[in-house]
Amino acid sequence: MRSPRSAFRWLVNKEWRELVASRSWWVLLVAMGPLVGVSFISAVRTYGEASGLNGTSAGVGEAFSPLIGIWAPTFSACELAAAFLLPFVAIRLVSGDRQSGALKLELQHPMPAFARVGAKALVLAAGWFIAFAAPLAAILLWKSYGGSVYPPELATVAMGHVLNAGLTIALAAAMASLTEHPSTAAILTLGVTVGTWIINFIAAVNGGVWERAAGYTPTAMVAEFQHGLVRLDVTLVALTLIAAGLTFAAIWMRLGMTVRRRAYESIAVGALAAAAIFACAFVTASWDTSESRSNSFSEPEEDALRQIRLPLRIEAHLAPEDPRRFDLEHRAIVKLRRVMPKVQVDYVSATSIGLFEQTSAHYGEIWYDLGGKKVMSRSTTADGVLETIYSLAGISPPIEKDDVFRGHPLAVPPKGAATVFYGIWPAAIVAGLFFARRRRV
Amino acid sequence: MLSRFDVLRVTTFTKRYGNLTALSDVSFSIRQGEVLGLIGPNGSGKTTLFECLGGVLPADGGALLRGDRPLTSGERVASVFYLPDSIVPWPTEPVRWAIDFTIGFFGGRSEIRGEVVQRLGLEPLLDSPIWTLSKGQRKRALLAIGLLMPQPVLMADEPFEGLDLRQTREVALALRAFAGAGRTMVLSIHQISDAARVCDRFVLLSGGRACGEGTLEELSALAAPRGAASSNLEDIFLALT
């Protein structure tokens, strides 16, 4: 037998050739251009108009951040492709060997099953990175318009979509390995994706534990990265799920093992992954990479909050679907948790919508308890929350510095973008396909 | 005791699918450099046995022994290669690539590459993608993959399936030639006439049970008391199964 390294190189080469031969990957590539193009063109147009293009009042977009105005919508095309196109590419690559019978030959090589799955995952990741050329073209176009690019926030958005693609690949590989037929694997993969959407929906209605669980779904994870927030717990959970999915795929690829043994091993992997995810949930480190610090209070405010040593408990009488609760959570509590990781926030409500609780005397109250000292407020804005905490802690509000984010308005039309994404991109992919087919034979 | 030529012993292989017993205590020996024919009608358990021996299907019982010691999984992988029937591996790749992959990935026998290609008449097919090959051409390409594998024992499932008479004879000659060079072949064959043409010894399989093992003469002697009409392999098979 060949050295494991040489054999692995052969396997990676084989998987790459399989990927290049698969129509699903070329469809993904062709679709990426127009998908990114539609989002980018629409985002640039809106951004331009808000910045004063075509006679709209200039100045509206002065606080505009390219992260929210351009990159989040442009990269959202990747989320769409990861949910609806990438699973088929992954399933084709994993199931193909089983369908053709090649797996029965390859399994007779002593290579560990995880290395086999690893080769497939590596090639799929490479395939995804090639598809990433479409958003890369958008970045180059934006630069050519004179747009501002802040690399840390852009890298964070890209990282979120790479992790999301990793989750999709791991899930699809696991399903393709588990099932006999690719169509069953596709149904199960999409079923899990829809399942995560249902969790998000239930979380929005019920809050509580569901809300916590929904924070780790791919949609929520991507949303945070798109806002320039890197949460270590979310990243670790995603990596754990990717590792678990690939291990699961490796377990079920070993056709020579009894189903019972594979089932026991899967249960063990599931239990380990669950324990790891539970442990990750206690990790609180996070980084705000957005240029506008959209996930953080200002630096003087953070310094002031760090001076508070007493335990802070907040009890908000707001229902899960009440927009005030959304405001409180996303404009204040998220930022507060980053500075005061031990802050305890409890939401209290008798219903999910809160509509019929409005008459209740305590509905809408937000109680702050700092080391036994209590105060009530109804404000759900970041300023209101901070003011209450400062008064409770006996701290005078800090003086704001002048270096606030002013935004990067850019009043330009998306010139040439349609040609790039609807013309050059598909033509280049078709040329690539033609070239790849000619080289093969 | 094993004779000095016995290389491997298949002992009490059993495989069940729910209530159906596909293999029941199948035992036989495989001798170095021989062409052993696993003979049986469709559904007799030949493929199941090969898949269990090749490690791509879990068996419910049984072991592959060298001497009196069961082979470990690693030793089995290094000793035996199973070549399935009716597969189209790497369908979009040309035959040339499949051969290169066999040598590169599996550490195949590059020194016999030319001979294998020539004996199996694959020269004109080297640049054809595997999915475009006819059934017979594909079978020859698969046999090339099997013959190039580094393991000393090749178990080929229905090696003559899809081949015409001329091709069957050519392939049988090629297999005999490689066996003559020291390679051990275990061939599962449902066409008894094909088996008689190429095999040194036979294992008769029926209903998941091994009903006899030996050379034509040994089986003939076994079958005579059971009323075999002649020493023809077909008559022997009918008498013993």
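Me: In which helix of chain A is the place of Ala77(A)?
Reply: This is a predicted model. The helix in question spans residues 66-84 of chain A. Ala77(A) has its place in helix H3.

Me: Is Ala77(A) buried or exposed?
Reply: A residue counts as buried if 20 or more other C-beta atoms lie within 10 Å of its own. Ala77(A) has 25 other C-beta atoms within 10 Å. Ala77(A) is therefore buried.

Me: Which residues does Ala77(A) touch, not counting residues up to four places away in sequence?
Reply: Sequence neighbours up to four places away are left out here. Beyond them, Ala77(A) touches Met32(A), Leu35(A), Val36(A) and Ser39(A).

Me: What separates the C-alpha atoms of Ala77(A) and Ala31(A)?
Reply: Along the chain, Ala77(A) and Ala31(A) are 46 residues apart.

Me: How many Å apart are the C-alpha centres of domain 1 of chain A and domain 2 of chain A?
Reply: The domain assignment gives domain 1 of chain A as 4-288 + 412-440. Domain 2 of chain A is 299-393. Their C-alpha centres lie apart by 35 Å.

Me: Which helix gives the largest share of the side of domain 1 of chain A that touches domain 2 of chain A?
Reply: Six residues of domain 1 of chain A are in contact with six residues of domain 2 of chain A. On the domain 1 side, the largest share is three residues. That side divides into two nonpolar, four polar and no charged residues. The three residues come from helix H9 (residues 182-206) of chain A.

Me: Which residue is the bridge partner of Glu315(A) in E5(A)?
Reply: Strand E3 (residues 312-316) of chain A pairs with strand E5 (residues 366-370) of chain A. The sense is antiparallel, over five bridges. In E5(A), Glu315(A) has as its bridge partner Trp367(A).

Me: In which sense do E3(A) and strand E4 of chain A pair, parallel or antiparallel?
Reply: Strand E4 covers residues 344-347 of chain A. Ile314(A) has Val345(A) as its bridge partner in E4(A). E3(A) and E4(A) pair over four bridges, and the sense is parallel.

Me: Which element gives the largest share of the side of chain B that touches chain A?
Reply: The contact takes 27 residues from chain B and 22 residues from chain A. On the chain B side, the elements giving two or more residues are helix H2 (73-79), strand E6 (80-83) and helix H3 (95-106). The largest share is four residues, and it comes from H3(B).

Me: How many residues of the side of chain B that touches chain A are nonpolar?
Reply: Six residues of that side are polar. Two are charged. The nonpolar residues number 19.

Me: Why does the radius of gyration of chain B agree with a compact globule?
Reply: Chain B has 241 residues, and 49% of them count as buried. Its C-alpha atoms fill a box of roughly 55 × 40 × 40 Å along the principal axes. With 241 residues, a compact globule would have a radius of gyration near 18 Å. The value for chain B agrees because it is 18 Å.

Me: Where does pLDDT stay under 50 in chain B?
Reply: The mean pLDDT of chain B is 92, and 98% of its residues reach 70 or more. For the stretch under 50, the model has four contacts beyond four places in sequence. That stretch of chain B is residues 1-5.

Technical notes. Residues are numbered from 1 along each chain as its sequence is written. Chains are lettered from A and ligands numbered from 1 in the order in which they are written. This is a predicted model: local features need pLDDT of at least 70, side-chain atom pairs count only at pLDDT 80 or more; totals for chains, interfaces and linings use all residues. Two residues are in contact if their C-beta atoms, placed from the backbone, lie within 7 Å. Ala, Val, Leu, Ile, Met, Phe, Trp, Tyr, Cys and Pro count as nonpolar, Asp, Glu, Lys and Arg as charged, and the others, Gly among them, as polar. The radius of gyration is taken over C-alpha atoms; the globule rule is 2.2 Å times the number of residues to the power 0.38. A residue is buried if 20 or more other C-beta atoms lie within 10 Å of its own, exposed if 12 or fewer, and partly exposed in between; C-beta atoms are placed from the backbone. Domain bounds come from an automatic or database domain assignment. pLDDT is the predictor's confidence in each residue, from 0 to 100. Two strands pair if DSSP finds at least two bridges between them.
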